Amino acid sequence: MMVDSTLAQVGKNLSEAMRILGDGQRELQAGTERPCFSKSSIPGPLQGDGQDVASILHLVHNLIHEEEEEEDKPSQQMQNVGEQGHMALLGHSLAAYISVLDRERLRKLTTRILSDTTLWLCRLFRFENGSACFHEDDRDGLVKVCRLVINSRYEEYASEGYSVLSSKQPIIYQSASCRPGLGQHLCSQLGLPLSSLCTVPCNTIFGSQHQMDVAMLDKLIKEDIEAGKLPLLLIANAGTPGAGHTDKLGRLKDLCDQYSLWLHVEGVNLATLALGQVTSAVMAATRSDSMTLTPGQWLGLPAVTAVTLYRHEDPALSLAAGLTSSQPVEKLRALPLWLSVQYLGHNGIVQKIRHATTLSQQLLQKLKSLTSIKTSGVVSPIPPISGASLRDVLGSLMLSIVEDDLNSPVVLFKFSQEMSAASSGGSVEGLCSGEKEVLDAFNRWLGEQLAQLVPTSGVDVVELDDEGTCVRFSPLLTAAVLGTQQEDVDVLVEKLTELVVVMSSTLCLRQDFREETHRHSPSLRYIEELSWPGLGIIRYEPQAEELDESRRKQQLQKINTELLKKLQELDTDIIFSTGPEFGTKEDCIFMGMVTEDIDVSELVDTIAALGREIEESGRLLENMTEVVRKGILEAELQLQKANEEKLMEEGMLRQLPLVGSVLNWFSPVQSSIKGRTFNLAAGSLDSTEATYSTKAQAGRPQMQDTPTSSSKRLPGQRLFRRSGASSDSMSETSSVGQPEETPKENSSLNSSVLTPPPPSPPAPETPQDTSSDVTPEEIQESPEQAHTQVEAAEAVEAAEAVEAVEAIEALEARQPDGQEVEQSGR
């Protein structure tokens with residue numbers, strides 16, 4: 001069979017392009033060096049001779065992964081395209097090629113592609129006798145359906161236009177759980193006022209809090225009819241964008257039939273219609289008038305159009321609404337999906353959707369065993385139980401997961417403060433007022449951490465009105481692209497368990513941190529910020545009162561900046577930072593998550609001590625200029641006075657150059673003028689008599705250890721950690737080999753034995769008794785020192801004797817039989 005040469009060349013070029021991009025991706029993962037195309041290396045003007053295909057594709061690859069190379073993050077999109085994705089990419093190339101065919105051949109080919117794809121999708125998703133509209137924007141199908149309904153309900157709309165709408169204003173109903181901006185987009189595209197959009201609230205007592213309230217919808221429709229308006233269309237959800245809940249589609253369809261409303265359904269749960277077993281809630285979507293599908297996301301097909309299936313018998317109105325087109329090129333939008341569906345087949349499509357639902361069930365079952373995690377599933381109405389309070393019923397509704405609806409591919413979970421506090425035994429009494437905001441911040445941090453630690457899971461963070469911030473796992477939207485497997489779910493649960501322990505301990509220690517900070521007031525100030533996911537926020541306040549406002553603010557910023565730098569240099573697991581990039585809190589130190597063994601008291605004490613040290617150092621530097629200036633003036637006065645005294649003491653003749661030297665030679669003068677030294681720390685002039693009398697400068701007092709170098713810390717133990725059982729075992733191990741317990745009074749003896757004394761200047765050699773060289777002050781201190789030196793000498797001799805015995809025994813063990821070792825040295 002002959003193959004069109006141009007068609008074969010299209011496939012060859014696509015295969016070559018994918019091979020080059022795939023090789024570049026493998027090089028990126030392997031870390032092999034290759035020419036790097038940075039932004040600065042991209043040529044500005046168009047080159048005259050052009051470039052070959054390989055060079056251009058390499059440039060495209062580097063532009064795609066440029067940010068990933070800088071951030072050292074591997075790409076997830078290109079490596080999981082798969083063969084079905086290649087078929088979709090081939091479809092885009094073939095669509096451009098087919099568009100150049102002659103009109104008759106193009107019409108036949110596009111009609112076949114469109115009819116085949118429509119038939120397969122309608123049968124696959126149980127939407128019998130339907131037509132299909134393929135569109136790039138997944139909202140365009142709903143816009144065209146609305147135009148179709150307007151043309152159907154307003155008979156003169158085709159000739160009179162929008163003027164006929166003034167007689168009866170059309171009303172479009174949508175759920176409060178619909179995706180944001182959908183209703184506004186409809187009104188903008190249709191030219192309708194926002195008053196034509198009616199948002200129906202969700203259930204507040206029974207059932208899911210994300211399902212549309214059917215009774216309220218009935219009431220709103222009646223009110224609009226009585227007001228002379230025309231109910232036009234209802235938008236329902238089979239999987240809300242946030243929580244993945246499904247509306248009561250059966251009851252909604254009955255209500256729409258009663259008032260002649262068009263029912264349109266959209267949502268991720270529509271994908272489960274392709275499975276063998278479908279829940280009754282989702283199965284009711286097959287009775288709707290139209291539904292929007294996104295098979296590209298569900299099956300991992302790149303750049304594949306969305307599909308809106310609808311039922312309508314008048315092709316003229318469908319053409320007027322834009323649902324069908326007379327242009328054959330428009331029908332080629334279905335070509336990538338046509339190729340991909342044939343490549344996967346019915347079994348392949350079902351397998352991908354079943355794999356996503358299996359991942360959701362796997363995660364849901366594992367989350368039930370975590371006490372600090374609350375899951376939110378699709379719940380159905382539960383009648384009140386006799387003898388139970390309304391609060392108990394609502395609690396059971398929020399926590400229950402209906403086993404009848406396990407095929408929902410969306411799993412929501414969140415960190416539960418009540419359960420974590422009960423399990424860890426901590427107190428969170430100080431968080432009651434802003435408890436929801438604090439938990440939202442912690443769950444937002446949890447979702448971000450899980451997305452970074454397990455990127456193949458595809459989890460993200462959603463904000464819900466009733467449940468606050470939650471982490472969402474929706475594999476139907478991400479698994480096909482990211483290649484999520486069951487092992488990834490196991491890793492996700494493992495990381496989640498580790499993070500929950502840290503979050504629980506941090507939440508319990510926040511109150512202790514606040515109280516410890518208040519104990520150091522006014523030097524330390526606790527900053528209340530409920531949206532910070534961590535131990536807390538602190539600020540060091542300078543104690544100088546004479547500073548003005550601008551100077552005080554400058555000093556505040558300087559001290560806290562230096563304090564943050566010192567804290568970040570400490571050997572600790574706590575993360576100190578300046579907070580969010582666009583935060584409102586300035587000149588503060590933000591502390592992240594901590595473990596339960598953190599000593600909050602030691603942490604706050606260290607921060608206060610470091611801040612005090614920085615403030616005192618800064619104050620010393622600020623006063624240094626004034627001190628030096630005053631010292632120089634005083635030194636000048638002292639020098640002037642010394643010169644005058646020298647002149648009076650030596651006389652005028654000794655000041656003459658030649659006469660003075662002759663007089664000094666025959667009659668030297670013993671000057672009584674004392675030297676001076678400038679003490680920079682004290683800012684005073686001191687006499688140098690003590691220095692020259694002892695011929696050595698007085699040593700400085702040894703600096704005390706800072707609070708950061710605690711003597712209680714064990715080897716290898718990080719800062720601010722309480723020593724528990726590990727410290728006991730460590731102390732027992734370190735005490736092995738000591739003959740007996742050393743009392744505290746003799747601690748100096750141990751230090752003298754284990755640590756060699758500092759070298760001292762050599763004493764003058766005396767052949768006889770040296771007791772005459774000892775001063776009375778030394779005699780008073782000598783008994784204890786002499787006793788220490790004797791014990792030290794005895795300890796050294798004993799150690800040397802033991803080492804000699806061990807060495808000879810080892811040598812004897814190595815000698816052949818019959819030979820003896822001379823032990824005279826022994």
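## Surroundings of P201

Apart from its neighbours within four places in sequence, P201 is in contact (heavy atoms within 4.5 Å) with A176, M212, D213, M216 and L220. The model is predicted, so local features need pLDDT of at least 70 and side-chain atom pairs count only at pLDDT 80 or more, while totals for chains, interfaces and linings use all residues. Residues are numbered from 1 along each chain as its sequence is written, and side-chain values use heavy atoms, with hydrogens and water left out.

P201 sits in the loop between strand 3 (197-200) and helix 9 (214-226); helices (H or I, at least four residues) and strands (E, at least two) are DSSP runs, numbered from the N terminus. The C-alpha atom of P201 is 7.4 Å from that of M216, which is 15 residues away along the chain. With a relative accessible area of 33%, P201 is partly exposed, a class that lies between buried (under 20%) and exposed (over 50%), for a 1.4 Å probe and protein chains only.

## Helix 5 and helix 15

The axes of helix 5 (residues 103-124) and helix 15 (residues 335-367) come within 10 Å and cross at roughly 35 degrees, where axes are lines fitted to C-alpha atoms, for helices over the stretch in contact, and angles run from 0 to 180 degrees between N-to-C directions. Helix 5 contributes I113, D116, T117, W120, L121 and L124 to the contact, and helix 15 contributes L335, L337, W338, V341, Q342, H346 and I349.

An open sheet of four strands has the order 12-13-15-14, with antiparallel pairing, and two strands pair if DSSP finds at least two bridges between them. Strand 12 (524-527) and strand 14 (576-577) stand at the edges with a single partner strand each, so one side of each has no neighbour in the sheet. Strand 14 is joined by two bridges to strand 15 (residues 589-591), to which it runs antiparallel, and S577 has F590 in strand 15 as its bridge partner.

Helix 20 (residues 486-519) lies across strand 12, strand 13 (536-540) and strand 15, and runs at about 145 degrees to strand 12. Helix 21 (residues 549-568) also packs on the sheet, where it touches strand 13, strand 14 and strand 15, and its direction makes about 125 degrees with that of strand 13.

## Helix 18

Among the buried residues of helix 18 (residues 435-453) are V438, L439, F442, W445, L446 and L450, together with D440 and N443.
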